[in-house]
Amino acid sequence: MRTQESTIDHVIIDAVENRVHRLCRRYAERLQFHGWHHVSFVRAKAAGFAEHNGADRAVVEVAALVHDVNYLVLRNSPAAAGRSLRLEILAECEVPPRIARWIDAIVDEAEMATRGRDISLEAQALSDADTLFKALPVTPVVLAHRYLRENGLSLRELAHKIVGEQCDVHDEGFYFYNPEAAATYSRWATANLQLWQCIKEAVDDPTVAELLEAVHAVDAMAS
């Protein structure tokens, strides 16, 4: 059973939300993929998953709000790169130190590249929300180019990253932890990963590589 200390007052949650929102607006040009549109989506979905699996909803919401601040610290970085800034934000908003450390641990635990099958309920809720954002059918169409710009990656690098980090987790059966999420969204996830596997194969084709170079040259002349 959880103690009362593990519940975060709504005033503190609002303070964290306002602080992160201000950062996202201030650095909107740098956070083209991981901006407020991403944070607010993950926060809303994570809260719902927390309600379903019995996790501490308040803790999950705050973890969702600060889970990607590492992209303000270093491009294309792991969640751990944002630890100092994350803890600074939580301290400024008067999150108790023990809870702040717990939130930071949840963010690390939920990270796609390193997460395992048996993670905490809070990390499961956060992970499922963040994973769903990746699996949305609109993400490759509307947002992938924003990820490339934000993180300074080539299409080849992004395809290798997605396939390398996500396919094994998908094939081993814990791409989503929440059974309802798995039932509802696995078809999207499978299609998304198949697309990125095809992209990975395509960009290694010399003729396709020449095509992409020609497109980049046109873009460079137009800019």
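Which residues touch the most other members of the largest nonpolar core? They are I8, V16 and I103, and this core holds 70 residues. Keep in mind that the model is predicted. Helix α3, residues 57–66, gives the core its largest share, eight residues.

Now turn to the surface. V138, V141 and V142 make a nonpolar patch there, of about 270 Å². V141 sits in helix α8, which spans residues 139–151. How exposed is V141? Its relative accessible area is 66%. The cut-off for exposed is over 50%, so V141 counts as exposed.

Charged side chains come next. The structure holds 11 salt bridges. One of them joins the side chains of R83 and D104, at 2.5 Å from N to O. R83 belongs to helix α5, residues 83–92, and D104 to helix α6, residues 97–109, so this pair ties together parts that are 21 residues apart in sequence. Are these two residues buried or exposed? R83 is partly exposed, with a relative accessible area of 32%. D104 is at 5% relative accessibility and counts as buried.

D104 has another partner. Its side chain also meets that of R86 in a salt bridge, at 2.7 Å from N to O. R86 lies in helix α5 and D104 in helix α6, so this pair links parts 18 residues apart in sequence. R86 is buried, and its relative accessible area is 0%.

R156 lies in helix α9, residues 155–171, while D204 lies in the loop between α10 (179–203) and α11 (206–222), so the pair ties together parts that are 48 residues apart in sequence. What about exposure here? R156 is partly exposed, at 36% relative accessibility. D204 is partly exposed too, at 44%.

Finally, look for a network. Which residues does it link through salt bridges? They are E17, R43, E51, R57 and E61.

Key:
Residues are numbered from 1 along each chain as its sequence is written. This is a predicted model: local features need pLDDT of at least 70, side-chain atom pairs count only at pLDDT 80 or more; totals for chains, interfaces and linings use all residues. Side-chain values use heavy atoms; hydrogens and water are left out. A nonpolar core is a set of buried Ala, Val, Leu, Ile, Met, Phe, Trp, Tyr and Cys residues joined through side-chain atoms within 4.5 Å. Buried means under 20% relative accessible area, exposed over 50%, partly exposed in between (1.4 Å probe, protein chains only). Helices (H or I, at least four residues) and strands (E, at least two) are DSSP runs, numbered from the N terminus. Patches are made of residues with over 30% relative accessible area and no salt bridge: like charges are joined within 9 Å, nonpolar side chains (Val, Leu, Ile, Met, Phe, Trp, Tyr) within 5 Å. Accessible areas come from the Shrake-Rupley method with a 1.4 Å probe; for residues, only the protein chains shown count as cover. A salt bridge is a side-chain nitrogen of Lys or Arg within 4 Å of a carboxyl oxygen of Asp or Glu.
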